[in-house]
Amino acid sequence: MSDLKKMYSTLQQDPFPEDLKLTLGDQELTFRKRTWEIDGETKGLRYGENPDQPAALYEPVAGALEVGGVKFIGAGQGLVSALTEEHMLQAGKHPGKTNLTDVDNALNILQYLSAKPAALILKHNNPCGAAWTEDGVAEAFRRAFEADRIAAFGGAVVVNRTLDLATAEHISKVYVEVVAAPAFENEALELLKKKKNLRILQIPGITELAELAQQPFLDIKSLSDGGMVLQFSFRNRILTADDFIEAKAEKDGNVFLARTPSKQEADDMLFAWAVEAGVTSNSVIFARDGVTTAIGTGEQDRVGCVLLATTKAYIKYADLLASKELEMSLFELKLAAIKDADMKAKLEDIEKRTEEARGGLPGSVVVSDGFFPFRDGVDLCIDQGVTAIAQPGGSIRDNEVITAVNEATPQVAMVFTGQRSFKH
């Protein structure tokens, strides 16, 4: 093994103490470092964000925090931090920081999606594919994977129902690093364990996530000078479709009012807004029939989020066609097309159909984690065939944004969330 490859297999020596105490005023919280007995050794986190960063996982074990009359999540309510050897059904290459934070962010999203079987695939702490459906968790995973099979490579899969054999069969055909579920059917577990490096985590608390949805945790952002910013964690106010607010604005004595969404549009925006809680800002999400059709993450400007999402959607759509029809990725097809005229013709055909289908975006709804400061982003969404948009509202140009959806043919619906969903 080369020296470069060794850094990914070398475990960092954990220099952190067993206990951590945090005192806020007269309240004290006690945390204990989480380690596991694996292959006869005591092991903590494999490493941190990068292989050369030592890291430790701490679980709250004593004390309770109340700020401003609000009780925070604390001892006895652990999920990822409470994982024991019993829950680590297979350690594989036992987890590092990013493996567990991916799972944690999935739980952050799933707390708002308990009404239906749901599946999330996360990569670099962002969902790359998400779906929920009454057709079961296997179908939810299949749809989530097909939403972005490129980014799903090496990701973390988290579902909110017992993982059955049908789901395990889907998962076993692709490369992922982590699978987490509240429970596993025996046959499903046996199949997944054939991948020896796969981390398989059972988190029973997934079935109780809805109970935590409105209880905040202490969100700590560390600064590069050693300082800290403390905040209440984000709490989603859109828990049912009825929680959306009518999109209305006034300007120069005129009232601007958007179309009310249909039941399906409202349900899709409810789903997408839940997923939005786990997406790095600035961001927008396109979704249709309970599946993400595009996710634009981490852009500095709102219109850039839309451009990123739509560009990705076209690439993913063409890649899915290439995979299903030619059993190769889009990039493998492009490489083959350089020297093979037949492959070039196939590539041109797929690209043409992708353009005609507008990347599979028509019929989608869109949610935006911040308001649209100008109508340009909305106009771009409309150009891709979206039928409804949810956004926080509150811009001085809300009237222009509402005018944009009202001018669309057919008219596009819009609602306000009344809250922003930034995540940095």
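This is a predicted model: local features need pLDDT of at least 70, side-chain atom pairs count only at pLDDT 80 or more; totals for chains, interfaces and linings use all residues.
Local features need pLDDT of at least 70 and side-chain atom pairs count only at pLDDT 80 or more, while totals for chains, interfaces and linings use all residues. Residues are numbered from 1 along each chain as its sequence is written, and side-chain values use heavy atoms, without hydrogens and water.

Select K33 first, in strand 2 (residues 27-33), where strands (E, at least two residues) and helices (H or I, at least four) are DSSP runs numbered from the N terminus. D14 meets K33 in a salt bridge at 2.9 Å, N to O, a term for a side-chain nitrogen of Lys or Arg within 4 Å of a carboxyl oxygen of Asp or Glu. D14 lies in the loop between helix 1 (3-9) and strand 1 (19-24), so the pair ties together parts that are 19 residues apart in sequence. E18 also forms a salt bridge with K33, with the closest N and O atoms 3.7 Å apart.

Next, select D148 and K316, whose salt bridge has its closest N and O atoms 3.1 Å apart. D148 lies in the loop between helix 3 and strand 11 (155-159) and K316 in helix 7, so this pair ties together parts 168 residues apart in sequence.

Then show helix 3 (residues 137-147) and helix 4 (residues 165-172), whose axes (lines fitted to C-alpha atoms over the stretch in contact, with angles from 0 to 180 degrees between N-to-C directions) come within 8 Å and cross at roughly 20°. Helix 3 is therefore roughly parallel to helix 4, the term for angles under 35 degrees.

Terms used. Angles under 35 degrees count as roughly parallel, over 145 as roughly antiparallel, 65 to 115 as roughly perpendicular and the rest as oblique.
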